[in-house]
Amino acid sequence: MSEKRMIPLASPVFNGNEKQYVLDCIDSTWISSGGKYVQAFERQFADYCGTQYAISCANGTVALHLALEALGIGPGDEVIVPTLTYIASANAVTYCGATPVFVDAEPETWNIDPDGIEAKINGRTKAIIAVHLYGHPVDMDAVQFIAAEHNLYVIEDAAEAHGAEYKNQRVGSIGDVACFSFFGNKMITTGEGGMITTNNDALQQKIVLLRGQGMDPENKYWFPVIGYNYRMTNMQAAIGLGQLENMEWHIQCRREVATAYQEQLSSLMHVIDLPVEQTWARHAYWMYTILLKPSVAISRDELIRRLKDDGIETRPVFYPMHILPPYKESAQYATADDIASRGLNLPSHARLTPGDIKAISESIAYHLND
Ligand SMILES: *Cc1c(COP(=O)(O)O)cnc(C)c1O
């Protein structure tokens, strides 16, 4: 049997200064968390998002943990989280000793349904995590309005949405604080890595303190609080800076991929639902995601298997939090359950060619029409 070329779900592209900057780290011996690339990456990321501060860290999960802890979220507190997300959004709340309280998705963007938030708020609620799922921004005005009414913090989980915009404002600059991931399959990558953006001075200082083991910046090796070692290395930041310099190219490639899918798949709208981009949104299209119509003869999982046989890697939409063992509830979340049962992520990355997208689309058409 010949080895067939797989079209991968995700693939990073390093076509800028990444390699040169990493070599510079090694040549200069600045490979740990000191060094100029950490500062440069933070500065340029803040500028890109339009925020005063960007604080780098080890990954997107600890970015969330630092943001929540710096906001003072702790035992006994509750934080509103969409049930349809990656588990890190909920786990970070748990790491603080607080409890994630889940809200259903809304059917068009699949993001947290603002209409479902208020019913979950009580005296213990401290914050709302708005996850820009698969790159589509959350309806932030609706979330911010509820947060203001109830005196809650808003944390943007922008791990999947670098460069997405809500009403012409970059994600990461809208809530009290925002978190990004640079894992290998994200919009841009540092291997493992994360970033926190904010305009709040006190919060920035608290986050830097907690990230660096809790060490007093004015008095080295004096630790007024218990912190963490959640720092990013100079080598990761060097890769990140190289990626960030081409950020608009990365997002443009994904948007072109989405346009090409839209064109190729529009004739299949009797069997699939295509993702929506709201008029107020610039979708980053981290993962181009389709839903199988309930009337389709084969299951979503069967389609994934058949596409794999055709050399196409896809992935089911995230399992909602409320069905996973750590967060299991008997309650139903109708929209999230529906999306999770019918959705699959198609290959979405800057290396995809028009020929790849045509082949993927033809394969989907073939399996859904037989
Ligand atoms: C990837 C991701 C994270 C966590 O990022 P890591 O860098 O993998 O720790 C958090 N939230 C969401 C929505 C993500 O997709």
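**Reading the structure**

Q: In which loop is the place of N151?
A: N151 sits in the loop that runs between helix 5 and strand 5. The model is predicted, and every value below is computed from it.

Q: Why is N151 called exposed?
A: A residue is called exposed when its relative accessible area is over 50%. N151 has 70%, so it is exposed.

Q: Where does Y285 have its place, and what is its phi?
A: Y285 lies in the loop between strand 11 (281-282) and strand 12 (289-292). Its phi is positive, at about 50°, although Y285 is not a glycine.

Q: Is Y285 buried or exposed, and how do you know?
A: Buried means under 20% relative accessible area. Y285 has a relative accessibility of 7%, so it counts as buried.

Q: Why does M140 count as buried?
A: The cut-off for buried is under 20%. The relative accessibility of M140 is 0%, and therefore M140 is buried.

Q: Where is M140 found, and which residues does it touch?
A: M140 belongs to helix 5 (residues 140-150). Leaving out residues up to four places away in sequence, M140 touches A130, H132, V154, E156, Y166, I174 and G175. A touch of this kind means heavy atoms within 4.5 Å.

Q: How far is the C-alpha atom of M140 from that of L291?
A: The two C-alpha atoms are separated by 24 Å, and the residues are 151 apart along the chain.

Q: Why is helix 4 (residues 88-95) called largely enclosed?
A: Six of its eight residues are buried, so the rest of the structure largely encloses helix 4. The buried ones are A88, S89, A90, N91, A92 and V93.

Q: What is the strand order of the open sheet of four strands?
A: The order is 10-12-14-13, and the pairing is antiparallel.

Q: Why are strand 10 (272-273) and strand 13 (315-316) said to stand at the edges?
A: Each has a single partner strand, so one side of each is left without a neighbour in the sheet. Strand 13 is joined by two bridges to strand 14 (residues 343-345), running antiparallel; R315 has N345 of strand 14 as its bridge partner.

Q: How do you know that the chain agrees with a compact globule?
A: For 370 residues, a compact globule would have a radius of gyration near 21 Å; the chain has 21 Å, so the two agree. Buried residues make up 56% of the chain, which has 11 helices and 14 strands.

Note on methods: Residues are numbered from 1 along each chain as its sequence is written. This is a predicted model: local features need pLDDT of at least 70, side-chain atom pairs count only at pLDDT 80 or more; totals for chains, interfaces and linings use all residues. Side-chain values use heavy atoms; hydrogens and water are left out. The radius of gyration is taken over C-alpha atoms; the globule rule is 2.2 Å times the number of residues to the power 0.38. Buried means under 20% relative accessible area, exposed over 50%, partly exposed in between (1.4 Å probe, protein chains only). Two strands pair if DSSP finds at least two bridges between them.
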